[in-house]
Amino acid sequence: MEANETRSVFGKLLLEHRRAAGWTQGRLAEASGISVRALRELERGRARAAQQRSAEVLADALGLTGGDREFFLTVAKQGRRRNPALAAQVAASCALPAPTADLSGRESELEQLSAKVAEGGGVVAIVGQAGVGKTALAVTAADLWRAEFPDGSYAVDLRGMDEEPLSARTALDRLLRALDVAPGQVPAAEAERSALLRMLLEGRKVLLLLDNAADEAQIRPLLVAGPGSLTLITCRRTLAGLEGARWLGLEPLSDDGATGLLAKIIGAGRVDAEPAAARELVELCGYLPLAVRIAGNRLATRPQWSLAQLADRLRDESTRLRALAAGDLQLRSAFDLSYRAVSAEARRLFRRLATVPGADFGLELAIVVSGAAPADVRDQLDELVDASLLQTTAEPERHQFHDLIRLFAEERFEAEEDPAARDIVLAHLLDKAADAARLFYPEAPETGRFGSRDEGARWLEVEGENWVAAHRLGARKGWHEEVRDLAIALHWYSDGRSAQQPWWEIFSLGAAAASALGDARAEAKLLNFVGWAAGICLGDDKGAVAAHRRALDIAVRIGDHVEQTWASIYLGQALRLTGQGDEAFEFAKRGYELAHELPFWDGQTTARNMYGRALLNAGRHTEALAVHRAVLSDAERLAGDTYPDFHRLLKTLTVRAIGDVLGDLAEWREAASQYRTSRWLAWEGGFGGLEVISAIREGRAWREAGAFEEARECLALAVELSPGPSFAAWREQALAELALLPE
């Protein structure tokens, strides 16, 4: 087919109407008075279009009316040549923008886009929050692919975030005129303009960039999805309703990508001179390209500034958004456009979600802050996600803010909400966390707002970051009763979960709250918890001794025998670890003797096991074994089905203590067997820290017994179970033990 045939839109339209009518060329020639030869020339594209009178005769003969007739006649007019200068001017208005010279950190995304295009063109949407660099990526990609679309590359800014986005009808007018359709020949109706665009581009390899789209409805009439063509869209909304599209969700840059962008803007020398400040700066910018670009432009226009100076300005969250402005680049303005585009109900939820103290949240907390019905809140969350004002997390139905958007939400809350609304989610978290934690007391019934202890445990784990942050915030606000009560409630839950939360901080805040309330009994109790956390969680044995001594002094002063007993029990352990063996033994023995005042589950078991440890340290192995085995026997006799979780925790600790005695006697295989039992009990109970400790000690016992493969298996498991910073010390122990094994 000749080149002019591919461009004869009128010929294709004429052929379609003739075939739809079921006519031959001869019959149409007879009905219209136009020769068969002339019809053949038109349909094959050898004649670009019919003259006006001929087109009207053909329309009459084919029985075209209404919009079909108007469209047919308009396409006929399109066949005439246009003013080349005017055509060039109009085409320039839809030309691709120049690519960004300093695009950085998007190599992977460019590869992903190329792969999608290689699959066969079609429609590809780049979606993401304001300032993430959608347009820069799309323009760069389009510029790279120009040669693959020889029939033209066009771009339209749809101004989707304006108060009045560009209408599809207007966008179609621009594209049609860029394709050399004269102004007077552009159809009036949107549907006819869309049909004409598709017809003009049929069979052509064209790239169309629709930048800054508002929504699916604006885009659909503009889609060019023919074979070999590509429609590339950028939008802050997810465009989930766009049929047949493929999506690329654009995330903020990596650390290296953001630092690389900063270096391109201000020069690699300045970044190399202050590498730590550069990394802090891009982190404060949330790795958002627009924010990094603004920071870079400020530095580029102020060569006397150091990177550390600007980082110092950005550290203050209350002024960070104001500082991220340079000329007409305004981060706050970019966020505000997205904010104004959602419904009033979604805006209210967005503002109030800023009061959630942790990094992420689920439907429950969204309902709490909004006060709306669950179905409505779900819809509003979806709307905010679609507008890229919220992000989803890996956990189902949980969401989070980008750091800078959270600051914007906080600003909107301050400007538009009652400050008292801050306390709603805070009170909810403190109260519900205390209710969940109380389920872990040995005698606590599994009733109330949680159906079971397991349900409470799941809530405490999932919302851990939120209730811990609420506890800190409550302390700062002077909510002493709530802070004290939650710290006390968490006592038994913390056992076996020493690495899961900042227990020393939690119990220290509780003790300070009790002191502020003048509640000496609670202060003594919480100081004993502080001492436990210092020793077990932080490895600060001296700090543990100091806390327990303070607890003991208070308990003696007010005559609290229970806390005197607990202080003595804990001092027996902490003093031993600081090398004060004689005093440690005396306190352990004292706690053992006083423990009869404590309930079996709530105190006697711990006191007796601590005394067994003291006997072990004194070299009295037989007595130590007798004490620990008696604890196990009594636990089996008294437990039944009443306290299965606590029974498992107690058995985990006691069996491990027996393993320690056997290990001290160099009975390594028997010791390894006890540690293995302890490890399995910890795994069944979900006591991650205890499982790691037991695995390390089992591995050591197998190594001493010469069973190196068993040792390697246990120690490798301990390393695997110690991924986070809170497990760092145990991980180092496990790695050190592994290094002692022969190759």
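E523 lies in helix 30, residues 520-536. Helices here are DSSP runs of H or I with at least four residues, and strands are E runs of at least two, numbered from the N terminus. This is a predicted model: local features need pLDDT of at least 70, side-chain atom pairs count only at pLDDT 80 or more, and totals for chains, interfaces and linings use all residues. Residues are numbered from 1 along each chain as its sequence is written, and side-chain values use heavy atoms, without hydrogens and water.

Beyond four places in sequence, contacts of E523 (heavy atoms within 4.5 Å) include R550 and I554.

An open sheet has five strands in the order 2-3-4-1-5, paired in parallel. Pairing takes at least two DSSP bridges. Strands 2 and 5 are at the edges with a single partner strand each, so one side of each lacks a neighbour in the sheet. Strands 2 and 3 share five bridges, and A155 has L209 as its bridge partner in strand 3.

The chain averages a pLDDT (predictor's confidence in each residue, 0 to 100) of 88, and 94% of residues score at least 70. Two stretches fall below 50.

| Stretch | pLDDT | Contacts beyond near neighbours in sequence |
|---|---|---|
| Residues 1-7 | below 50 | eight |
| Residues 80-90 | below 50 | eleven |

Where pLDDT is low, predicted coordinates should not be read in detail.
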